[in-house]
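Here is a short briefing on a two-chain model. Start with the structure itself, then read the points by topic.

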Amino acid sequence: MIRILLSIASFALGLLLLASTASAAGPVFRDFDAKSFAALQARLQGRPFVLAFWSIHCDPCRDELAQWGPLQRRYPDIPIVLVATDPRSERPVLTKLLSRYDLRGVQSWAYADDFEERVRFAVDRSWRGELPRTYLYDGEHHAEGRSGPAEAGWIEPWLARQSGGKKRASLN
Amino acid sequence: MAGPRSELGSSAAFDAQGALWSVAKQGEHVIIRRSADLGRTWSAPRFVNAAVEPIGADGDARPKLAFGTAGEVYVTWTQPLTKPYTGLIRFARSVDGGKTFSAPVTVHADRQEITHRFDALAVNSKGQIFVAWVDKRDGEIAKEKREAYAGAAVYFTVSDDKGATFKGDFKLADHTCECCRIALLPTDDGSVVTLWRHVFAPNVRDHALARIHADGSVDGFRRATFDNWAVDACPHHGPSLAADAKGQLHAVWFDLGPEHPGAVYGRLRDGGIDGMRKVGGEGAEHPDLAIIGDRVAVVWKEFDGQKSQLRAMLSADDGTTWREMTIGSTAGASDQPRVLAHKGRFYVFWNTRQQPFSVTPLS
């Protein structure tokens, strides 16, 4: 019995170590499936948030990765949620790529369901999968969605409005 | 919970004897199967590449196959490399009716670890093999010079000796979309009409068309679609192209331009589109088309909240009037559907997780 407990404990410790190693090297991805969007909305009820879909196989997506960290720290009250549409097998590549950017505070999710039409439909039934795809949800969760790079000229004024002036002094 | 992205990307084609062949990805192999009964049953899979290598088979990427004039079987695919969106265009052939395949070769001379992806394959009436792909060598040169370069380029290569050697690399066009499949259509004179998503300055991702020749020359470049979809995005949604009995070009494509966002059908006239028509509803994706004489068939898939519906529209009068139908559905991951023409009939090939390599006649 003790041996079993010990092995469970060492297994748990191993998991812990794995998790901490992953976070030191880059983000730990949360699984995004057809139920995740509803769960996210429930958790963020009454709060505005940004939802940005991207992929390692999308050139224009890379260009906008650098902006999310600074924006999140400037507007800490408005969650910025990144979702990589790449499969689980690509997570090491995703981790490596994202670790180049300072994304402290930004949530990172990645697709965990290969029936991707179902995942997309749960978010926006008119979205046909083009990337990057960004949504700005106000406090009532009415969305403003755009395909193509999420330009600072679109995002930042919106963040400023939604945060009601609660902008933190620029950190960098 | 499901693991990887659906890597169901596959292709199918009829040979001259009426057998249907399919290629798909299985692990690190391209597999080929043959069906003698219109897709009801398939042979056991054979490996095209004996030695394992990564195979691209998601989004708009998939192995392709085509036949030579003496029954040779030609297969191409993209081998992704370690860096994101880099790859090599690979080719293998069988000269013994698909029993054995040559060791795969890379068809382009350029061997940098950069984008060579989204292979397209066609064989003309003389048996010459054309392979076209999306290539970023010019973008890399521009980057070194710190110059801007919109999108990627399309290059092609030609084999005059049934795939023993390839000559190239020939540039088809600068400034093309980075992530959409290319449509190739062999014509009677041996040239191949090519339709691809272009980047018209500054960032309009409409389609362009040109004719490529076996000597590497290119002519007839023109804008083919006029939706004015201005976006720096990866649609992963390439066009399909076919010609009617009069030689008129018909196409299906996808755009999110201001006037008719979504999947659309139209006939490509110089300077405009005739008979333009929206394909399916709001969720219609990945249309494909085929033509027999003046009969036109378009297929696509459309998710309804529960299932992906396999839909079709048929015209018996060269795309003037249409009737629509639902021909299948699946409640799981699926590839893009393909419509094939064979002996006066249309067949829809659809690789789904629930029903792999399904074939449905259209009537």
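In H3(A), the buried residues are A:Asp59, A:Pro60, A:Cys61, A:Glu64, A:Trp68 and A:Gln72. Buried means that 20 or more other C-beta atoms, placed from the backbone, lie within 10 Å of the residue's own. The model is predicted: local features need pLDDT of at least 70, side-chain atom pairs count only at pLDDT 80 or more, and totals for chains, interfaces and linings use all residues. Residues are numbered from 1 along each chain as its sequence is written, while chains are lettered from A and ligands numbered from 1 in the order in which they are written.

**Helix H3 of chain A**
- Strand S2 (49-54) and strand S3 (80-84) of chain A are among the cover over the buried residues of H3(A).
- H3 spans residues 59-74 and has a kink of about 30° at A:Gln67, shortly before A:Pro70.
- The bend is the angle between axes fitted to the seven residues ending at a residue and the seven starting there.

**Chain A overall**
- Chain A has 6 helices and 6 strands; these are DSSP runs, with helices H or I of at least four residues and strands E of at least two, numbered from the N terminus.
- Of its 172 residues, 38% are buried.

**Contact between the chains**
- Chain B brings 27 residues to the contact and chain A brings 29 residues; two residues are in contact if their C-beta atoms, placed from the backbone, lie within 7 Å.

**Domains of chain B**
- An automatic or database assignment sets the domain bounds: domain 1 (1-238) and domain 2 (242-363).
- Their C-alpha centres lie 21 Å apart.

How values were computed:
A residue is buried if 20 or more other C-beta atoms lie within 10 Å of its own, exposed if 12 or fewer, and partly exposed in between; C-beta atoms are placed from the backbone.
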